[in-house]
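Hi everyone, thanks for coming along. Let's take a few minutes to get to know this structure together, and please have it open while I talk.

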Amino acid sequence: MVVTFGADRCGEGRVKNRLRVLRAEMAISQGDLAQRLGVSRQTINAVETDKYDPSLPLALRMAKIFGVPVDAIFLDEWEPVGAPDA
(Lines give C-alpha, C1' and ligand atoms only; values in the text may rest on other atoms or scores of the structure.)
Protein backbone atom coordinates (compact mmCIF):
# COMPACT_ATOMS: atom_id res chain seq x y z
CA MET A 1 0.00 0.00 0.00
CA VAL A 2 1.21 3.48 -0.83
CA VAL A 3 0.82 6.22 1.74
CA THR A 4 0.13 9.58 0.12
CA PHE A 5 0.25 13.07 1.47
CA GLY A 6 -2.93 15.05 0.91
CA ALA A 7 -2.30 18.48 -0.60
CA ASP A 8 -4.47 20.07 2.07
CA ARG A 9 -2.45 18.46 4.89
CA CYS A 10 1.12 18.67 3.63
CA GLY A 11 2.96 21.51 5.35
CA GLU A 12 0.01 22.15 7.64
CA GLY A 13 1.53 24.16 10.46
CA ARG A 14 4.68 23.54 12.37
CA VAL A 15 5.45 21.09 15.13
CA LYS A 16 4.20 22.36 18.50
CA ASN A 17 6.60 22.39 21.42
CA ARG A 18 6.89 22.73 25.20
CA LEU A 19 10.28 24.42 25.16
CA ARG A 20 9.16 27.58 26.97
CA VAL A 21 7.46 25.54 29.72
CA LEU A 22 10.52 23.34 30.24
CA ARG A 23 12.80 26.37 30.31
CA ALA A 24 10.62 28.03 32.94
CA GLU A 25 10.56 24.88 35.08
CA MET A 26 14.37 24.84 35.11
CA ALA A 27 14.69 28.64 35.39
CA ILE A 28 16.83 28.85 32.24
CA SER A 29 16.71 32.03 30.16
CA GLN A 30 16.55 31.98 26.37
CA GLY A 31 20.08 33.37 26.31
CA ASP A 32 21.43 30.72 28.68
CA LEU A 33 19.81 27.90 26.71
CA ALA A 34 21.07 29.36 23.44
CA GLN A 35 24.61 29.56 24.79
CA ARG A 36 24.51 25.95 26.02
CA LEU A 37 23.25 24.80 22.60
CA GLY A 38 25.58 26.98 20.54
CA VAL A 39 22.79 28.88 18.80
CA SER A 40 21.44 32.43 18.99
CA ARG A 41 18.80 33.60 21.45
CA GLN A 42 16.72 34.47 18.39
CA THR A 43 16.77 30.80 17.36
CA ILE A 44 15.37 29.78 20.74
CA ASN A 45 12.69 32.46 20.47
CA ALA A 46 11.76 31.32 16.96
CA VAL A 47 11.39 27.71 18.14
CA GLU A 48 9.29 28.73 21.14
CA THR A 49 6.96 30.84 19.02
CA ASP A 50 6.53 28.07 16.42
CA LYS A 51 8.27 30.08 13.69
CA TYR A 52 11.09 27.57 13.29
CA ASP A 53 11.36 23.81 13.64
CA PRO A 54 14.83 22.87 14.88
CA SER A 55 17.09 20.40 13.13
CA LEU A 56 17.15 16.87 14.49
CA PRO A 57 20.60 17.33 16.09
CA LEU A 58 19.41 20.51 17.82
CA ALA A 59 16.22 18.81 19.05
CA LEU A 60 18.29 15.91 20.42
CA ARG A 61 20.58 18.32 22.26
CA MET A 62 17.59 20.13 23.75
CA ALA A 63 16.26 16.79 24.98
CA LYS A 64 19.60 16.01 26.63
CA ILE A 65 19.69 19.36 28.41
CA PHE A 66 16.18 18.91 29.80
CA GLY A 67 16.61 15.19 30.50
CA VAL A 68 13.51 14.20 28.55
CA PRO A 69 12.80 12.37 25.27
CA VAL A 70 12.47 14.52 22.15
CA ASP A 71 8.75 13.75 21.93
CA ALA A 72 8.28 15.23 25.41
CA ILE A 73 9.38 18.58 23.94
CA PHE A 74 8.03 18.45 20.38
CA LEU A 75 4.46 17.43 19.59
CA ASP A 76 3.51 16.55 16.02
CA GLU A 77 -0.22 16.06 15.56
CA TRP A 78 0.04 15.36 11.84
CA GLU A 79 -1.41 12.07 10.58
CA PRO A 80 -0.69 10.55 7.16
CA VAL A 81 -3.52 10.31 4.67
CA GLY A 82 -4.28 6.74 3.61
CA ALA A 83 -2.51 5.04 6.50
CA PRO A 84 -2.30 1.26 6.11
CA ASP A 85 -4.87 -0.87 7.91
CA ALA A 86 -3.73 -2.57 11.09
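Let's start at one residue, Asn17. Asn17 is buried, because its relative accessible area is 17% and the cut-off for buried is under 20%. You'll find Asn17 in strand β1, residues 16-17. Do keep in mind that this is a predicted model.

Which residues does Asn17 touch, leaving aside its neighbours within four places in sequence? Asn17 is in contact with Val47, Glu48, Asp50, Ile73 and Phe74. Now find Asp53 as well: Asn17 and Asp53 are 36 residues apart in sequence, and 9.2 Å apart in space, C-alpha to C-alpha.

Next, on to a pair of helices. Two packed helices are described by the angle between their axes and the distance between the axes. Here, take α2, residues 30-37, and α3, residues 41-48: their axes come within 8 Å and cross at roughly 110°. That makes α2 and α3 roughly perpendicular to each other, and the crossing of α2 past α3 is right-handed.

Who meets whom between these two? From α2 we have Gln30, Gly31, Leu33, Ala34 and Leu37, and they meet Arg41, Ile44, Asn45 and Glu48 from α3. Sorted by class, that contact has 4 nonpolar, 3 polar and 2 charged residues.

Stay with α2 for a moment. Which of its residues are buried? They are Gln30, Leu33, Ala34 and Leu37. These residues cover an arc of only 100° around the axis, so they sit on the same side of α2.

Finally, let's look at α4. Its buried residues are Leu58, Ala59, Met62, Ala63, Ile65 and Phe66. They cover an arc of only 160° around the axis, which puts them on the same side of α4. Leu56 and Lys64 are exposed on the other side of α4. What do the buried residues of α4 pack against? Their partners are α1, α2, α3 and β2 (74-75). And after α4 you'll see Gly67, whose phi is positive, near 70°.

That's my tour, so over to you for questions!

Notes:
Residues are numbered from 1 along each chain as its sequence is written. This is a predicted model: local features need pLDDT of at least 70, side-chain atom pairs count only at pLDDT 80 or more; totals for chains, interfaces and linings use all residues. Side-chain values use heavy atoms; hydrogens and water are left out. Axes are lines fitted to C-alpha atoms, for helices over the stretch in contact, and angles run from 0 to 180 degrees between N-to-C directions. Helices (H or I, at least four residues) and strands (E, at least two) are DSSP runs, numbered from the N terminus. Angles under 35 degrees count as roughly parallel, over 145 as roughly antiparallel, 65 to 115 as roughly perpendicular and the rest as oblique. A crossing is left-handed if the near helix is turned anticlockwise from the far one by less than a right angle, and right-handed if clockwise. Contact means heavy atoms within 4.5 Å. Ala, Val, Leu, Ile, Met, Phe, Trp, Tyr, Cys and Pro count as nonpolar, Asp, Glu, Lys and Arg as charged, and the others, Gly among them, as polar. Buried means under 20% relative accessible area, exposed over 50%, partly exposed in between (1.4 Å probe, protein chains only). The arc is that of the directions from the helix axis to the C-beta atoms.
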